[in-house]
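Thanks for coming. I will take a few minutes to go through one model with you.

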Amino acid sequence: MKKLLLICLVLLVAAPMAMAKKYPTRDITNIVVWGAGGGTDVCNRIVSAEMAAILGVNINVVNKPGGVAGSLGMAEAYGMKHDGYTICGLSESCVTAGVQGGWDKKMDVWYPFIVAGSPDVISVTPDSPYKTLKEFLEAAKAAPKTIKAGAGGSGSIHHLNLLALEKGSGAAFNFIPYPGSAPSQNAAMTGEINCVVTSLAEQAQLIRGGKLRPLAMLTPDGFTIDAISIPSAFADFPDLSKHLPIMQAIGMAVPAGVPDEVKATLSDAFTKALASEKVQQWAKDNYYILNGKTGEAASKEFAQLESLFAWTLVELNTTKVSPDALGIPKP
Amino acid sequence: MEEKNNWLRGVDFYCGLGIMIFGAFVVVEGFGMPLRDSLGGVQNVWYVSPALSPIFVGVGFFLLGALLSAIGLNEAGAGEIKRVLRTSLAVDTLLSLPVQRFLVAATIPAVYIFVLIPRVDFCIASILFLWLYMMLFFLVETEGFRQLQLFFALGMALLCATLVTAGRFWSESMPYAGDLLTAACTAAFILRARGVVARHGSGAAFWRTLAICITVTIILTVCFRFFLLVPLPTEGTVVEFMDRIRYNEF
Amino acid sequence: MFILERLGTFFGILGQMAVNPLDIALLFSCTLLGIIFGALPGLTATLGVALLTTLTYGMKTDLALTALLSMYVGAIYGGSYSSILINIPGTAASAATALEGYPMACRGEGGRAIGLTTTASAIGTIIGMLFMVCLSPLVSAFALQFTSFEFFLLAFFGILISGTLACPDLVCKGWISGFIGLFLALVGRDRLQFYPRFTFGFSEFDGGIDIVPVLIGAFGIPQIIQVMVNRMKPGEAKPLSRVVPEFGKIKRSIGNIVRSSLIGVGIGSLPGIGEDVAAWVSYGAAKNSSKHPERFGTGCDEGVIATETANNACIGGAIVPLLTLGIPGSPPAAMLLGALMLHNIAPGPMLAIEHPNFLLEVTAILLLAAVAMWIVGIYLARHVVKVLTLPPMLFMPIVGLLCIIGSYSLGLSVFNLYLMLPIGLLAYAMTILGYPIAPLVIGVILGPMADENLRRALMVSQGDFTPIFTRPVACVIFFAIVLTFVSQLPVYKRLRTRLADKWTARKTRQIACKMAADLGDSKR
């Protein structure tokens with residue numbers, strides 16, 4: 001009788017440990033905070049598909065756009081159990097959710113994985129008289145606030161790049177806001193605005209097809225697409241290196257409170273996914289620069305972006321909550 | 001017909017007044033929006049300001065509301081208008097059958113959407129919603145229906161009150177308490193209704209309705225959760241159970 | 001020579017697909033799936049394409065493309081089922097169909113209505129496809145002409161059209177309904193400066209009010225409550241004599257069909273504006289140019305043909321700028337863009353050079369999808385109409401549940417549900433008091449476009465309105481607006497009747513003279 005009881009007790013204790021299978025045992029849900037078909041969405045779908053193959057479970061990508069700077073999606077992902085079965089697909093633009101009143105936390109509550117970013121480029125309409133950045137900025141300096149520039153939405157990373165360009169070169173543009181990068185590129189093609197600043201990935205097809213003429217990259221290195229070589233803006237205006245580059249950071253994140261085992265498994269799968277042939281080829285074809293930072297390093301990058309964005313928005317007068325109230329340091 | 005038309009005009013008069021007040025509110029809000037300083041990197045002028053459309057819409061509401069009230073007053077006459085106000089607020093209009101039916105038809109989805117969906121497992125909440133909605137209109141000819149209606153109303157009020165107030169306290173200790181409570185409530189309703197229906201004799205229809213409710217809900221939950229991969233609003237006991245079956249975690 | 005070569009390649013691709021059993025199976029099953037998606041209220045074409053993007057990620061590109069395009073075509077068509085049978089639009093694109101289709105179903109002509117929409121949708125898809133393959137440079141050039149002024153004028157035109165739609169009661173009630181829609185469109189952060197308007201501190205309102213909860217709330221909830229309260233049957237199903245519409249009917253409506261297709265393709269090619277706007281504008285245009293405008297709203301064939309042709313022609317129109325410029329012309333096309341990028345095909349000006357036969361492949365798939373949709377639709381029509389015989393007390397709660405979960409699925413937002421019910425109750429009150437619902441929905445769809453584009457246009461031109469008269473497209477749309485406005489004035493209507501009477505009198509005299517002359521001849 002006692003022996004039976006002992007055996008039962010041992011089984012009872014051992015059973016949960018034997019039942020505790022390794023993470024992951026179920027499908028993972030990736031909630032992308034931006035709309036379907038956009039840069040963040042496509043990046044997340046490709047990397048999630050590769051990670052799913054490595055981890056052996058499905059990763060279902062769903063879109064939950066809305067709120068301000070993706071606050072609804074982040075709140076939903078953060079509100080689920082912190083067991084590693086809900087990932088949030090986000091981008092650098094989400095760092096403004098706090099100061100715009102959509103969210104009450106800082107970005108350090110996430111454990112991020114940065115997939116890639118695409119460098120920003122400034123382009124003009126094909127029939128524009130300006131052939132180099134120098135000419136263009138001279139014209140802008142000569143007639144301040146008359147040259148119309150588009151850069152996606154107000155407060156977006158492209159707008160910040162435009163502002164940095166203005167600060168570093170002394171030119172002043174007439175900023176015309178659009179709801180996103182694609183409409184501002186359309187407006188540049190139709191001639192409604194004179195120049196546009198968006199990422200290379202978004203403009204690549206239009207540049208190759210001759211619908212937009214690139215003037216310069218807003219990063220230290222130039223770039224070459226097909227036969228078109230785009231010089232770096234830093235060559236003529238070294239002052240820009242004080243304010244630029246501001247790189248995109250598209251990726252995914254899990255809440256920082258998930259178990260360490262989850263973090264290790266996901267980081268491993270993530271690194272392997274980024275090194276895979278498919279993702280490398282996709283990044284090359286679409287002009288993305290793979291990043292690959294995870295955890296600590298990625299968090300630092302996000303924190304830097306958060307400071308920069310938050311305090312720039314204060315200057316633009318669009319904040320609802322002061323960055324000080326959230327504890328965001330100045331850049 | 002003439003009388004109905006007059007009544008409509010009388011109501012129009014009050015609606016028009018309400019719309020005018022609303023329009024004024026919109027215009028006031030509009031003037032509170034930035035009309036001059038720079039915002040988001042864009043210099044504000046009257047045609048750029050976010051206030052342009054609210055002011056336009058507010059003025060539009062004001063004018064249209066005035067027009068509506070004028071037409072109402074013109075066609076119905078002052079006497080009719082006073083009569084409309086009196087009869088609308090009279091007790092027997094508020095308790096009449098069409099108004100009752102409307103309250104029932106509107107309250108059940110309201111309770112479902114605002115109270116049940118965010119707190120209770122989607123499957124259980126939907127079964128309760130479907131069954132209650134079907135039953136209350138199906139059973140109208142049954143005798144003893146009044147007491148049944150009252151029983152349902154009291155039961156739902158109690159359930160909602162418990163879920164809303166105590167929900168916060170038990171979410172850590174007993175994760176599925178809300179589900180169990182709602183399921184128990186549903187079972188109580190079903191048993192009570194069965195008693196009434198059995199006396200009336202339409203037992204077969206009763207069980208058929210229940211079967212339809214449960215089958216449809218389960219099919220929809222499975223389709224949306226596992227085929228369309230849509231995470232449901234609240235995933236509690238039943239969905240957890242389905243998950244376990246799917247992943248063979250027994 | 002070049003054209004013959006292209007035609008040859010096209011028929012080659014078509015033939016290859018038509019005999020491949022996997023292709024055909026995928027075509028029919030995805031079209032059927034698309035029709036189901038479209039028919040269920042709340043599930044939209046965008047959601048369907050998004051879902052298939054995930055599911056077809058591992059397939060070969062051309063198979064994935066077949067699946068996605070058939071789903072798109074099927075879903076845009078499928079919305080008409082629920083519009084006609086239960087007066088709840090299955091997708092935003094078929095909201096206009098409900099205005100004409102539901103009265104037809106109530107009269108017992110539901111099956112006939114579905115037959116009409118099926119044929120109209122198939123023809124619309126094919127005409128859109130023709131534009132896509134023959135005139136794509138023209139269509140993309142057209143899309144590039146649109147700047148903020150043109151968008152504003154188009155939105156204004158659409159809103160004006162809603163004012164001409166049938167009103168059950170006073171005309172000013174229609175305008176009030178439109179203004180309520182415009183007000184709902186204002187809620188949220190404005191698109192130019194992100195200043196929160198009417199959000200009352202709720203951050204859920206920041207993104208604005210989604211169209212799907214408004215659509216389902218405004219159309220679906222009043223319908224459900226009305227049926228439950230009045231215990232009425234949605235409509236009867238007369239014994240079905242003939243579902244496929246007579247050829248003569250199609251021949252007589254050819255003007256309507258061509259005009260609606262042009263509107264569909266044109267609006268489809270404009271970025272961001274999709275099938276729903278195309279359907280409404282086409283409906284308005286059909287009503288304005290019809291000989292019997294008073295029949296619109298009581299269930300007339302012309303209206304149904306106009307809306308369904310336009311929203312399917314829009315598919316072809318939306319795909320052209322997607323493939324030639326990388327600019328999607330409608331929300332489901334935007335999802336298609338993501339899907340193509342996942343398969344490593346970057347749509348844009350380089351597509352014709354890197355994948356020269358891609359456009360022809362897409363055309364072939366659209367043609368096959370249109371045919372498949374027609375076959376499946378005609379077959380389903382007989383069976384789907386039996387839905388009208390289900391006891392409404394059992395059927396409507398299930399429809400309610402579908403609406404709720406459908407409208408949740410799109411944005412995964414419970415807040416959308418919170419919005420849907422109050423809007424639904426408001427719409428119910430409006431219906432009882434004789435306000436039309438259609439202008440509200442049009443206001444919510446077109447309001448943001450009108451507001452944002454007017455302000456931006458004035459920002460670019462520094463307060464100047466003259467570009468309206470100097471830019472060609474803007475001038476044309478402005479002229480159309482003036483014409484629509486004038487045609488509603490009583491003066492114009494009297495003039496038109498007088499002229500029509502004079503013309504009839506003269507014709508009668510001519511015929512009488514001729515008859516007298518003939519009689520005189522025969523007597524001799």
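I will cover the salt bridges, then a pair of helices, then a surface patch.

This is a predicted model, in which local features need pLDDT of at least 70 and side-chain atom pairs count only at pLDDT 80 or more, while totals for chains, interfaces and linings use all residues. Residues are numbered from 1 along each chain as its sequence is written, chains are lettered from A and ligands numbered from 1 in the order in which they are written, and side-chain values use heavy atoms, with hydrogens and water left out.

Salt bridges, then. A salt bridge here is a side-chain nitrogen of Lys or Arg within 4 Å of a carboxyl oxygen of Asp or Glu. Over all chains, the count is 23.

One of them is in chain B, where D12(B) pairs with R9(B) and the closest N and O atoms are 2.7 Å apart. These two residues are separated by about one helical turn, because they are 3 residues apart in helix α1 (residues 2–31) of chain B. Helices are DSSP runs of H or I with at least four residues, numbered from the N terminus. Are D12(B) and R9(B) buried or exposed? Both are buried, meaning under 20% relative accessible area; exposed is over 50%, and partly exposed is in between, with a 1.4 Å probe and protein chains only.

In chain A, D104(A) and K105(A) form a salt bridge at 3.2 Å, N to O. D104(A) has 57% relative accessibility, so it counts as exposed. K105(A), at 26%, is partly exposed.

In chain C, R107(C) meets E109(C) at 3.4 Å, N to O. R107(C) is partly exposed at 35%, and E109(C) is partly exposed at 23%. There is also a network: R26(A), R225(B), E240(B) and D243(B) are joined by salt bridges that share partners.

Next, the helix pair. Helix α2 (residues 39–55) and helix α9 (residues 277–285), both of chain A, pack with axes 9 Å apart at an angle of about 160 degrees. Axes are lines fitted to C-alpha atoms over the stretch in contact, and angles run from 0 to 180 degrees between N-to-C directions. The two helices are therefore roughly antiparallel, a label for angles over 145 degrees.

Last, the surface. V482(C), F485(C), V486(C), L489(C) and V491(C) form a nonpolar patch: residues with over 30% relative accessible area and no salt bridge, nonpolar side chains being joined within 5 Å. Helix α22 (residues 472–488) of chain C gives the largest share, 3 residues. L489(C) lies in the loop between α22 and α23 (490–523).

Key. Patch = residues over 30% accessible without salt bridge, like charges linked within 9 Å, V, L, I, M, F, W, Y side chains within 5 Å. Areas by Shrake-Rupley, 256 points an atom, 1.4 Å probe, with all protein chains shown as cover. Parallel < 35°, antiparallel > 145°, perpendicular 65-115°, else oblique.
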